[in-house]
Amino acid sequence: MSAPATLPRRPKGFMFDLDGTLILSNRALGSYQAIPGAREALEELDRLGIPWLALTNGSAYAAARQAPKLRDVGLPVPDARLFTPNSVAAKVIRKRDYRSVLVLGTQGVTHALSELDVPCCVPGDAEASRADAVYVAWHPDCTMEHIHIACARVLDGAAFLTASDVPFFATKEGRSFGYSCAINGAIARVTGREPEVTGKPSMHAMHFVASRLGIAVSDVGVVGDDPVAEMQMAREAGALAIAVTTGSTSKADWDAQPAERSPGLLIEAIGDLVSATQLR
Ligand SMILES: [Mg+2]
């Protein structure tokens with residue numbers, strides 16, 4: 001299905017994906033490269049006074065650690081405008097009053113959640129055997145022991161949450177696979193329970209974005225490179241789906257997407273965003 005050349009209405013604010021949309025990182029997530037035109041697009045929105053934020057499905061680092069790296073490659077992203085699934089998870093977890101959340105993730109994940117006032121524990125802590133929720137995020141050092149204790153908690157009735165259940169993300173070296181998706185698969189297979197996603201394409205993420213931007217969901221332009229993470233989320237929520245071709249999905253791949261995962265607008269270069277959405 002080909003994307004039409006214009007959206008049904010002008011977005012009043014934007015959510016940008018990171019990997020494949022604003023940046024490409026290497027597989028070890030060590031170094032970043034800004035995608036050409038990304039800086040200009042963000043600066044132009046700032047000049048026009050149009051609100052925007054970035055929401056990545058990457059949960060490895062807190063925004064306060066990741067945003068400076070984006071600024072180092074020239075992207076004008078303040079700490080306060082960068083969000084991760086941990087930001088969304090913290091909101092969901094605090095609302096539900098879980099006493100203790102077993103985190104399968106790096107130290108960066110635990111730090112990010114603790115800073116957002118989430119009561120965390122990790123495998124090995126005494127508290128882990130009493131956790132009433134399990135949260136799976138970026139966890140390259142996951143062991144069978146970690147999966148074991150997570151399964152035991154979920155089988156015992158603990159909530160099962162995850163940052164991301166998307167299998168791939170775009171890197172400089174091509175597509176890389178999402179560790180949380182693989183870990184979720186193991187836990188789901190054993191327990192028969194599917195995880196509740198806090199990152200994209202969940203409605204938790206979509207509503208978090210609209211609320212942060214201070215606009216209605218239907219007025220949010222969701223800009224991304226992934227048919228599921230961004231386009232499906234935008235379509236399902238009634239937001240405005242805008243796709244780029246700089247990440248994991250080529251123009252031909254976009255044209256082959258089913259309606260529920262296809263963009264309302266396809267732009268080849270992120271620098272064209274403002275003119276393509278008819279904001280100038
Ligand atoms: Mg992406």
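Modeller: A residue counts as buried if 20 or more other C-beta atoms, placed from the backbone, lie within 10 Å of its own, as exposed if 12 or fewer do, and as partly exposed in between. The model is predicted: local features need pLDDT of at least 70, side-chain atom pairs count only at pLDDT 80 or more, and totals for chains, interfaces and linings use all residues. Residues are numbered from 1 along each chain as its sequence is written.

Colleague: Are V134 and V136 of strand 8 (residues 133-136) buried or exposed?

Modeller: Strands (E, at least two residues) and helices (H or I, at least four) are DSSP runs numbered from the N terminus. In a regular strand the side chains alternate between the two faces of the sheet. In strand 8, A133 and Y135 take one side and V134 and V136 the other, and all of them are buried.

Colleague: In which sense do strand 6 and strand 8 pair?

Modeller: Two strands pair if DSSP finds at least two bridges between them. V101 stands opposite A133 in strand 8. Strand 6 and strand 8 share four bridges, and their sense is parallel.

Colleague: What is the hand of the β-α-β crossover from strand 8 to strand 9?

Modeller: Strand 8 also pairs in the parallel sense with strand 9 (residues 159-162), over four bridges, with V134 opposite F160. Between the two strands the chain passes through helix 5 (residues 144-155), and the hand is judged with the strands pointing away from the viewer, a clockwise path from the first strand over the helix to the second being right-handed. The crossover here is right-handed.

Colleague: How far does helix 3 reach from its first C-alpha to its last?

Modeller: Helix 3 has twelve residues. The expected span is 1.5 Å times one less than the number of residues, here 16 Å. The helix comes close to that, reaching 16 Å.

Colleague: Which non-glycine residue just after helix 3 has a positive phi?

Modeller: Most residues other than glycine have a negative phi. The exception here sits in the loop between helix 3 (85-96) and strand 6 (101-104). With phi of about 60 degrees, the residue is D97.

Colleague: Is Q278 buried or exposed?

Modeller: Q278 is found in the segment after helix 10 (273-276), and its phi is positive, near 60 degrees. It has 11 other C-beta atoms within 10 Å, so Q278 is exposed.

Colleague: What is omega for the peptide bond from K200 to P201?

Modeller: Most peptide bonds are trans. P201 lies in the loop between strand 12 (196-197) and helix 7 (203-213). The bond from K200 to P201 is cis, with omega near 5 degrees.
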